[in-house]
Structures are given as C-alpha cells and as structure tokens.
Amino acid sequence: FVTFLLLLCGVFAALSESVVMRVCVRACVCVYIHRFLVCPQVSGELDDCHCDVESIDRFNNELLFPKLQALLQTDYFRFYKVNLNKPCPFWTSGSHCGLRDCTVKPCSPYSAEVNSELDKCEKSEALGAVDVSLSDETREALKNWTKHDDEAQRFCLLDDEWCPDSQYVDLLLNPERFTGYKGPEAWKIWTSIYEENCFKAFYTWLEGQCVEKRAFYRLISGLHASISIHLSARYLLSDEWFEKRWGPNVSEFRSRFDSELTQGEGPKRLRNLYFLFLIELRALVKALPVVKEGSFKLFTGQPQEDCRNKERLLDLLHTARSFPLHFNETSLFAGDETEAAKLKEDVRLAFMNISRIMDCVECFKCRLWGKLQTQGLGTALKILFSELPSSPPSSRLTLNRQELVALVNAIGRISTSIKELQNFRELLAEDT
C-alpha cells in the first residue's frame, strides 16, 4: 500500500507542480512516517486530563517558550545553589564519573582564602564537568542575596541551600547536553528510580492503578523523556582539539523514542512529557498569588532590574494562566480523607527518595541538572498539594529563592523539550 502511494505521488510529481501534487506528496510522507515509525506519532488527548498535544504545542512554542527563555537569562534565575559533593546514600560510589577529567574542584563563593587563589583553581573542560567560575562582582552580589533571603521568614529548609559545601553555579555556563554518561551507571540510576520508587508492581500494572500512582509514574517518565530529548538535541557531533560541535542527533533521538526501536514505549514516554508540562504549568498558575504580593521580591541588589524581573515573571505567570486546558489537581487525593492523606504521604516520601538518588549520579553536570529538575518538580507538587483537602488547614503556600529558581528552570527544560520535538519532526521529515 505504501509503495503504491509513493508511486502515485511520483506520477503526480512528474505531471505538474499543482496543489494536488503537493498534497499527495505530503500525504505519502505522513503515511511513510507512520508505517515505518521514523518519527513517534504523538497527538490527540492525553490520559487523565482533558487536553490535547496539539494545543500544548501551539501554546508552548508560540507563547510560553520565548518568555521563559528571556526570564532564564536573568541573574536571578541563572544562578542555582547546589551541593554536588553529597555521597550516594544507597550504594558505594566512586564519587566520580568514568569520563576523562570529569571531576570538579569547587571554588567556594564565601571563602576569602579561596577567592585569593582563584587563578589557581582548575577549571575542567571535560564534557561532564561543571563550570563553577564566577566573577568577583558576582560573588559579592550573591553574598548579599543570601543575606537578604536569610532575613525572610522561612517555612522549609533545603539541605543544599544550607550545607557549607553548597555553591552557586551559573546554569548558562553549564547547559544540559550530552556528556557521554550512559551505560550501566546511568541505567542503574533510572532502574532505581522506577523499580524502587514507582510503587513497585505498578510499573508493570500501570493500567490497574489509581490516578495518583499513574500520575506519579508519568511524571517520572516525563522527566526521563525530557532529559533524553536534551541529550539528543545537544549531542556532541564532533570533538576536535580546536572545537567541539553540538547539535541534534536524529539517530540518538530515534533510539530513545521510535516506537519500533523501543517496543512501543517511545510514544508513551513523549505523552508523559506533555503530562509533566501540564503539571508544572498548573503549578506556575497556582504560584501567581504568592508572586503578586508586594513583599515578594526577586532580590539581586539591582532595584531597577529586580523590578523588571518581577514584571517579566508576572507576565509569564499570566500567560500560563491564559492556557484554557489546565490539569485539574482536585482529581488527586480525593475521596476518603484518611486514605487520601496516606497516599499523599506515600507520594511525598517516594519523591524525596528520588531526590536522594540524584546524589548517586556520577557525572557532575548530569547531577546538577538532575537535582535542579527534581527539586523543580518537587516544588510544583508542593504548590499543587498545598490547597488540597488533605493538606493541613493552617498551611500557607510560601516559596523561597531556591524553590522558585528550580521551578522556573524545570519548566524551562520541559518547554525546551517540547520545542525541540518540533525540530526533530522537521529533521525526520527531511530524511524521508
């Protein structure tokens, strides 16, 4: 049948350049793609929510993505405080990746002794290394940021933020991309996440599980898909001594998402990516009342820029609110209050466990982005769960700098993944 259509299109192409020919060629390409699964076909309504893939694509690519990218370039959102030296709590780790020069020697932004020796601090150029270099001016500004935040009332303490081993990292100097970290070490991380934390048997019997457990698994799967897309979109295409060239790797993308090559799992993973987008988008909207408060500041010590950044953030949140097909979080943890509270606690503990697994990732750049995105998703869940009936009646939603930076960067990663999907569709169509 496909051969017949292709021959028919060839006949039309030979006869004219008419509209009929162009339509036929396009139809043939679509059939060819669908038949041989060159590109995962993800479309239509998503499970467990009333939203379709096409609406998300249009909204993200045309409205949300440009505003997110502009916001993530600002000082407030580009610096993330993280402890990359925590030992793995679950198994013995070599505390280094197997790649050449992967280790990082941190330069503490708070040590005068280290500051005086900055020129001697080794800056590794390995693919998995994290560039922790900051200018003296930036270091001084970050000290003021910390002082300002410490004076604010806190309801949640973050280990990485308070740990003396934590340091600020410039995310723009450390983009998420392929580092060569794969194989048994990487699979051990994901296997632990899925098998130990996704409610055991529910990984196999997903269809028979309650909506909360299905949602939890789909969030983790969506996060996995997003990371895989970034690695495929910013793949190391050439590694010459004078230049490294990064770009999209169609073969890598197909190996992760092609239905035929993944035994039908690839398209499901991509649908879970869209589900994750809806969860984090809804969290942005629910954070709007907190950000709107006059006392809520995006402090960097530059009053005019801080004001503009808050305006940009509010504009982003209002744009998020304009999306007409939001996920309805009230469908989660409904029913019997006792059972709902227990289930919510199970989800919370499972997610905390996943956050701890990120300290077992041996590639430091992968660990950086893994910790940031799991914290961002954790913040999104905190926001969504804060007003559920099973939440304490006295609880009031608060967000500190670390949580806000993680949340906005996390949805920035998901938004970028959806944008990259469009690029891969075009590349795959060209290959046909």
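User: In this predicted model, where is the place of Arg413, and what makes Arg413 count as buried?

Analyst: Arg413 is placed in helix 16. Its relative accessibility is 15%, and the cut-off for buried is under 20%. Arg413 therefore counts as buried.

User: With which residues is Arg413 in contact, leaving aside its neighbours within four places in sequence?

Analyst: Once those neighbours are set aside, Arg413 is in contact with Glu176, Ser226, His230, Trp369 and Gln373.

User: Why is the pairing of Glu176 and Arg413 called a salt bridge?

Analyst: The side chains of Glu176 and Arg413 meet at 3.1 Å, N to O. A salt bridge requires a side-chain nitrogen of Lys or Arg within 4 Å of a carboxyl oxygen of Asp or Glu. The value of 3.1 Å lies within that limit, so the pair qualifies. The pair links distant parts of the chain: Glu176 is in the loop between strand 2 and helix 8, Arg413 is in helix 16, and 237 residues separate them. Both partners are buried.

User: Why can the salt bridge of Arg78 and Asp170 be said to tie together parts that are apart in sequence?

Analyst: The two side chains meet at 2.6 Å, N to O. Arg78 belongs to helix 4 (residues 75-78) and Asp170 to strand 2 (residues 167-170), so the pair ties together parts that are 92 residues apart in sequence. Both Arg78 and Asp170 are buried. Arg78 and Asp170 are also linked with Asp75 in a network of salt bridges.

User: How do you know that Lys244 and Asp239 form a salt bridge, and are these residues buried or partly exposed?

Analyst: The closest N and O atoms of Lys244 and Asp239 are 3.7 Å apart. Because the limit is within 4 Å, the pair is a salt bridge. Lys244 has a relative accessible area of 33%, and Asp239 has a relative accessibility of 40%. Buried means under 20% and exposed means over 50%, with partly exposed in between. Lys244 is therefore partly exposed, and so is Asp239.

User: Where does UniProt place the feature "active site", and what makes the residues concerned buried or partly exposed?

Analyst: An unreviewed UniProt entry places this feature at Cys363 and Cys366. From this set, the lining of the second largest pocket takes in Cys366. Cys363 is found in the loop between helix 14 and helix 15. Its relative accessibility is 0%, which is under 20%, so Cys363 counts as buried. Cys366 is found in helix 15. With a relative accessible area of 23%, between the limits of 20% and 50%, Cys366 is therefore partly exposed. Leaving aside neighbours within four places in sequence, Cys366 is in contact with Thr179, Tyr181 and Val361.

Methods. Residues are numbered from 1 along each chain as its sequence is written. This is a predicted model: local features need pLDDT of at least 70, side-chain atom pairs count only at pLDDT 80 or more; totals for chains, interfaces and linings use all residues. Side-chain values use heavy atoms; hydrogens and water are left out. Helices (H or I, at least four residues) and strands (E, at least two) are DSSP runs, numbered from the N terminus. Buried means under 20% relative accessible area, exposed over 50%, partly exposed in between (1.4 Å probe, protein chains only). Contact means heavy atoms within 4.5 Å. UniProt positions are given in the numbering used here, feature names are shortened, and annotations may be inferred rather than shown by experiment. On a 1 Å grid over the protein atoms alone, a cavity is a set of points where a 1.4 Å probe fits but cannot get out, and a pocket is an open set with protein on both sides within 12 Å along at least five of seven lines; lining residues have an atom within 4 Å of a point.
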